[in-house]
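Please keep the structure in view while reading.

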Amino acid sequence: MRRRGASRLAVAALLGVNLVLPTPARPATAAGFVEAYPQMAAAMRAAGPPYADWAADGRRFLLFDTRGDGRAVEVLGDLATADRIAVLVPGVGSTLADFDRGLGGVARRAPAVQAGQVYRELRATDPAARVAVLAWLGYDPPDGVLTAAGGVSARRGAAGLARLLRELAGRRPGATITLVGHSYGALVVALAAAHAPPQVTDVVSLGGVGAGVQRADDLPGGRRFWAAEAPTDWIRRVPPLRLPGLGFGRRPGDPAFGARPLPVGGVAGHDGYLAPGSAALVAVAAVVLGGVDADRTGDAR
């Protein structure tokens, strides 16, 4: 037990100080709009199981690509009419193979499962709201925490995400968009927000490793920045370093960063922020729906 804790602390330190070079990543491809659904369904059918089953179940994707570790962008809700859009970005180790089942077979880690939890919470909170949730695995995340020490994957992912955000803003100019990033995904959404259209009003970090800056006020655009960081999350041990070419800046969950805090009651470890019954899940839904008291929703941290 002591050896495992020491190993995890060492890995976290490497992650924070950027001692390991990242593996090369292909630039993310911007997903299209709802016109892409039939084409992606055809690609899933051609790919065979389990992806053909996704198409048979009527699931809708803006992007589906089996090359390499794979990419996918799934849509829950009616994106063509949505007034409130949430885009969820996963972190290290996420692949197409784990999109539904989760890393290590742990369902709560699966992008599709997490997006489903957020969508159901939104519908339960305001059944009349026109909402859509995107599970955005539109980039190639680092394979593990060691290769995540660099920000190359995050910058490439942010560029692809920013293109999608511009497309969404062009198609739904009256909608508001909330970016939600978990772990390394928080770095991706923060970097994308710097070049996002004004329809992106809120950025949410869940157990985020960093945002590329030292304080929330340093982020351009005047967007609201929210952060949740559970006491049992190992990410708390990542050093808050920011040197030329090194580190990701302060963790958004560090009070010194200045993010608006989200409650973490019921959150266990690094992967439980969007689990059913967690205060963070309720608060994320409140942010997406424009709730001004989202930081007071549920139990205070």
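A residue is called buried when its relative accessible area is under 20%. The model shown here is predicted. By that cut-off Trp54 is buried, because its relative accessible area is 6%.

Which residues do ring pairs link into a cluster? The cluster consists of Tyr51, Trp54, Phe61, Phe64 and Phe99. Trp54 has a charged neighbour as well: Arg59 lies over the face of its ring, at 4.6 Å from the ring centre.

Aromatic pairs occur elsewhere too, and the count for the structure comes to seven. One of them joins Trp136 and Tyr139, whose ring centres are 5.7 Å apart and whose planes meet at 10°, so this pair is stacked. Both partners are buried: Trp136 has a relative accessible area of 1%, and Tyr139 has a relative accessibility of 1%. A further charge over a ring is found at Trp226, where the charged end of Arg260 sits 5.3 Å from the ring centre.

The nonpolar interior may be considered next. In soluble globular proteins, nonpolar side chains tend to be buried together. Here the largest nonpolar core has 48 residues, and those with the most contacts inside it are Leu79, Val87, Leu134, Leu161 and Leu168. Helix 6 (residues 184–193) gives the most to this core, contributing seven residues. A second, separate core holds 43 residues, including Ala55, Phe61, Leu88 and Ala285.

Why can helix 6 be described as largely enclosed by the rest of the structure? The reason is that nine of its ten residues are buried. Among these buried residues are Tyr184, Gly185, Leu187, Val188 and Val189. The buried residues of helix 6 pack against strand 3, strand 4 (131–137), helix 5 (152–171), strand 5, strand 6 (200–206) and strand 7 (224–228).

The structure also holds one cavity of 30 Å³ or more. The volume of the largest cavity is about 60 Å³. Its lining is made up of Leu88, Val89, Pro90, Pro111, Gln114, Val180, His182, Leu206 and Leu274. Strand 3, helix 4 and strand 5 (176–182) each supply at least two residues of this lining.

Finally, Val287 lies in helix 7 (residues 279–288). Is Val287 buried or exposed? Val287 is buried, with a relative accessible area of 3%. Val287 and Asp202 are 85 residues apart in sequence, and their C-alpha atoms are 7.5 Å apart in space.

Conventions
Residues numbered from 1 in each chain as written. Predicted model: local features only at pLDDT ≥ 70, side-chain atom pairs only at ≥ 80, totals over all residues. Heavy atoms only, no water. Core = buried A, V, L, I, M, F, W, Y, C linked by side-chain atoms within 4.5 Å. Buried < 20%, exposed > 50% of the residue type's maximum accessible area, 1.4 Å probe, protein only. Helix = DSSP H or I, 4+ residues; strand = E, 2+ residues; numbered from the N terminus. Phe/Tyr/Trp six-rings, centres within 6.5 Å; stacked < 30°, edge-to-face > 60°. Lys NZ or Arg CZ within 6 Å of the ring centre and 35° of its normal. 1 Å grid on protein atoms, 1.4 Å probe; cavity = no way out; pocket = protein on both sides within 12 Å on 5 of 7 lines; lining within 4 Å. Points joined across faces, edges and corners; volume = space filled by probe spheres on them. Contact = heavy atoms within 4.5 Å.
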